[in-house]
Amino acid sequence: MNRIYIVTFAVFLLNAVCANSIAAEVIHQERSLYRNILVEDQGDLRCLKFNVKTSKSNQSCLYKSDPQHLVFNYTKLLFSGLLLIDDPKNILIIGLGGGTMSNTLHQIYPQSNITNVEIDPAVIKVARQYFGFFENQRVTSVVQDGRIFIKRAVLKKQQYDWIILDAFNGDYIPEHLLTQEFLQEAKSILTPNGILSANTFSVSSLYAHESATYKKVFGDFYNVRNNKNSNRIILTAKEKLPSSEVITERAKQLHNKLIPYYINLFEISKQMTSTSMNQDWPEKTKLLTDQFSPANLLNN
Amino acid sequence: MTDHQVQASWKNPFIYLLAFCSGFCIMGIELLGGRILAPFFGSSVHIWGSIITVFMLSLSFGYLAGGKLSTHNASLKRYGIIFLFAGITILPVAFWSTSIMEVIFVNVEDSRYGSLLASCALFFIPTIILGMISPYSVRLLVTDKDKSGQVAGKLYFVSTLGSALGTIITSFYFVLFFEVNNIIIVFSSVLAVLGVIAIVLNKSINPLSINTVGTVHE
């Protein structure tokens, strides 16, 4: 009897070891101006990784057999923006990753203009080559620092219905994309009904500073998160946030449209908490400004 | 002669202290340069390219100018004036950097040249003046030709140590507790105050004895 247990256990162990050591295969690796980029295949799963070979640094993943199927929770949570806005015509995405957001949004809204801004040309190349990131007349990508792109957009008086800020990875935070001045610039290029969602942090002392800064610029906002990871999505609007009735109504309308992407809007709408009900940071938290933004130090 | 020795007992350490502080401030300012330029020109590697280029270039001009200036009536007073000017010319970084960078941002599309121009506009002149300090310090410290190398070595040691500390303390701690502009203003005030102290101390020395020191080794 004991022997059977041991054999079973040994087989189990062997399986576990093999699954980890054989399955992950690096299919592309390059050192860009900003980071090391890795593309890794693990069975059906393909992942874009920055810097190191740990799953913590996963930037973007897709199932090769089912590219529509969104893998990451935070990517799904970013679609909570759709509960705040009808039919966004002009979408600005800061931080490309594997291009998942852009691809999915283009499928949902084929008539919308999507502008992707990514600082690292190598990331755009890898997204095209390995993650099926596609561009056409309506979907474009620009190699530029997000802050500069938005500052130029202010000068050119460009307007966007939805700005998606997805420029933070766990290793390094671009500190100039967290400040009050930056958020004001971003707010000023939103259309009157425009919204902004940011994929950002929910742990560390940066949480309070970031929350206080968003509240200062946009007023109350929604935090969207689930318990599974340390990401949170900040969801803000240029003018007034819609009531929870409107949000539930939108969730009903869009729910079926998003199921093919494994996005459950009902679920997501339940994970939204407004800071007007629950402000979970100290009142006197110092704002992040261009003068004071030690985001990387605060994130330790 | 006893007079000289009395002076030397505080004068040389005082000059080393000033050289240390200038080293500290130069690197502190250079480091904050990245922070100051980022809102307009991003945080890409070319930002540092621009900043370091401008600092190295203006330091090199400063060394040349400081060496030249030291050949003519070198005194603690003139040394102090260099510090005072350095302190004053840093102030625009704190007060007008946003408007200066706005003009450049609107007119120069390419953020590489934009950041280069902005670093020039903000840091070129104060860094030239700060660069003048090292050769001028050598001139004030050297009294014996045989020891000139040793004096220069000690001076570089002190000022580069200042630079190292200025870099680490600014980037690890100052930015965590203070606003960028306030740090710049403190650097500026420290330099200006040290300059004024040097000018005042110079008056307490018998001008003749300074001249004799000057003529001894010329």
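Where is Asn73(B) found? In this predicted model, Asn73(B) sits in the loop between α2 and α3 of chain B.

## Two residues with positive phi

Asn73(B) is not a glycine, yet has a positive phi of about 50 degrees. Asn73(B) is exposed, with 11 other C-beta atoms within 10 Å.

Asp87(A) lies in the loop that runs between α2 (73-78) and β6 (90-94) of chain A. For Asp87(A), 10 other C-beta atoms are found within 10 Å; because a residue with 12 or fewer is classed as exposed, Asp87(A) is exposed.

## Chain B

Chain B is built from eight helices and zero strands. Read from the N terminus, the order of elements is α-α-α-α-α-α-α-α. Of the 218 residues in chain B, 43% are buried. When contacts in chain B between residues at least 6 apart in sequence are taken, 87% of them join residues at least 24 apart.

Helix α2 of chain B covers residues 45-69, 25 residues in total. From first C-alpha to last, α2(B) reaches 36 Å, close to the 36 Å expected at 1.5 Å a residue. The buried residues in α2(B) include Ile47(B), Ser50(B), Ile51(B), Val54(B) and Phe55(B). Ser58(B), Gly62(B) and Gly66(B), also in α2(B), are buried as well. An α-helix has 3.6 residues a turn, so residues three or four places apart point the same way.

## Contact between the chains

Chain B brings 16 residues into contact with 15 residues of chain A. On the side of chain B that touches chain A, at least two residues come from each of α1 (2-41), α3 (76-107), α6 (148-177) and α7 (180-204). The most is given by α1(B), with four residues. By class, this side of chain B consists of 10 nonpolar residues, five polar and one charged.

## A helix pair in chain A

In chain A, helix α6 (residues 180-188) packs with helix α7 (residues 206-218) at an angle of about 40 degrees, and their axes are 9 Å apart. That angle makes α6(A) oblique to α7(A). The crossing of these two helices, α6(A) and α7(A), is right-handed.

On the α6(A) side, the residues that meet α7(A) are Gln180(A), Leu183(A), Gln184(A) and Lys187(A). Their counterparts in α7(A) are Thr213(A), Tyr214(A), Lys216(A), Val217(A) and Phe218(A). The contact of α6(A) with α7(A) has four nonpolar, three polar and two charged residues.

Note on methods
Residues numbered from 1 in each chain as written. Chains lettered and ligands numbered in written order. Predicted model: local features only at pLDDT ≥ 70, side-chain atom pairs only at ≥ 80, totals over all residues. Contact = placed C-beta atoms within 7 Å. Nonpolar A, V, L, I, M, F, W, Y, C, P; charged D, E, K, R; others polar. Axes fitted to C-alpha atoms, helices over the stretch in contact; angles between N-to-C directions. Parallel < 35°, antiparallel > 145°, perpendicular 65-115°, else oblique. Left-handed = near helix turned anticlockwise from the far one by under 90°. Buried ≥ 20, exposed ≤ 12 C-beta atoms within 10 Å, placed from the backbone. Expected span 1.5 Å × (residues − 1).
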